[in-house]
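Thanks for coming. I will take one structure and go through it part by part, starting with a term we need.

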Amino acid sequence: MALFDRLKDQAKNLQQQAQGGRGTNTGGHGQGSSRGGSRAQLVGVLKTQLGSLKTELKSGAYRDASMAMCALVAAADGQVDAAEMQQMESLILSNEVLQNFPPEQLRTRFHKHVDQLTRNFPQGKAEALQEIAKAAKKPTEARAVIQTGIVIAGADGHFSQAEQAVLREACAALGVPPAEFQL
């Protein structure tokens, strides 16, 4: 637990430095430039943190919740096209922490959730959030699920409003404050 707290403090310091160097403009028009840079830094920090926790993140609950999270991010706008599906799968399989699990297990769980989300988004979202909530029992895993979602969502350099919304809902399901991740 001490390692996670230290990493969390490092992330907060980086966030404060990023915000301090760019001013405090949090209005809607400034969001793309001032928050975009800090979000990119946050994604980098979270990716590093996840890598350092790799040996702790080997449970089935983390695997399943992460795949539900990735599917939610992919389908946040209500649809997933073939190119997006392939890109998302590539991101999942190349993620350092998710390499703890056999690729076929990841694919199967990811596709199951994407299929449910594209067939009936409200019902698929409810099922994905239920799966995500199972990781709430272990705070390190709960935060890692959110971190994984942010890293996947931020891979293209852009966080859509829909992606931010599903990430906030996942935070609620896990009992993690969204502000901890600038959401």
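A helix here is a DSSP run of H or I at least four residues in length, and helices are numbered from the N terminus. By that numbering, phenylalanine 110 sits in helix α5. Please keep in mind that this is a predicted model.

First, the overall layout. The chain has eight helices and zero strands. Read from the N terminus, the order of elements is α-α-α-α-α-α-α-α. The chain has 183 residues, and 46% of them count as buried. If we take contacts between residues at least 6 apart in sequence, 76% of them join residues at least 24 apart.

Now the core. How many residues are in the largest nonpolar core? There are 47, and the ones with the most contacts inside it are Met69, Phe110 and Ile132. At least two residues of this core come from each of α3 (60-74), α4 (82-94), α5 (103-119), α6 (121-133), α7 (139-153) and α8 (161-174). The largest share is that of α3, with 10 residues.

So let us stay with α3 for a moment. Of its 15 residues, 13 are buried, so the rest of the structure largely encloses this helix. At 1.5 Å a residue, the 15 residues of α3 should span 21 Å, and the C-alpha atoms at its ends are 21 Å apart, which agrees.

Is phenylalanine 110 buried or exposed? Its relative accessible area is 1%, and the cut-off for buried is under 20%, so phenylalanine 110 counts as buried. Setting aside neighbours within four places in sequence, phenylalanine 110 touches Met67, Cys70, Ala71, Ala74, Met85, Met88 and Ile92. One of these, isoleucine 92, is 18 residues away along the chain, and its C-alpha atom is 9.1 Å from that of phenylalanine 110. Another, cysteine 70, is buried with a relative accessible area of 0%.

Next, aromatic rings. The count is one aromatic pair. Tyrosine 62 and phenylalanine 101 make up this pair, with 6.3 Å from centre to centre and 35° between the planes, and it is classed as tilted. Tyrosine 62 belongs to helix α3 and phenylalanine 101 to the loop between α4 and α5, so the pair links parts of the chain 39 residues apart. Both tyrosine 62 and phenylalanine 101 are buried.

Last, charged side chains. Side chains of opposite charge can pair when their charged atoms come close. How many salt bridges does a search of the whole structure find? It finds eight. I will go through some of them.

Arginine 107 pairs with glutamate 89, with 2.7 Å between the closest N and O atoms. Arginine 107 is in helix α5 and glutamate 89 in helix α4, 18 residues apart, and the pair links distant parts of the chain. Arginine 107 is partly exposed at 26% relative accessible area, whereas glutamate 89, at 18%, counts as buried.

Glutamate 141 and lysine 138 form another salt bridge, where the closest N and O atoms are 4.0 Å apart. Glutamate 141 is buried at 5% relative accessibility, and lysine 138 is partly exposed at 47%.

A further salt bridge joins arginine 143 and glutamate 180, at 2.6 Å from N to O. Arginine 143 is in helix α7 and glutamate 180 is in the segment after α8, so this pair ties together parts 37 residues apart in sequence. Arginine 143 and glutamate 180 are both buried. There is also a network: Arg63, Asp64 and Arg109 are joined by salt bridges that share partners.

That is where I will stop.

Terms used
Residues numbered from 1 in each chain as written. Predicted model: local features only at pLDDT ≥ 70, side-chain atom pairs only at ≥ 80, totals over all residues. Heavy atoms only, no water. Core = buried A, V, L, I, M, F, W, Y, C linked by side-chain atoms within 4.5 Å. Buried < 20%, exposed > 50% of the residue type's maximum accessible area, 1.4 Å probe, protein only. Contact = heavy atoms within 4.5 Å. Salt bridge = Lys/Arg side-chain N within 4 Å of Asp/Glu carboxyl O. Expected span 1.5 Å × (residues − 1). Phe/Tyr/Trp six-rings, centres within 6.5 Å; stacked < 30°, edge-to-face > 60°.
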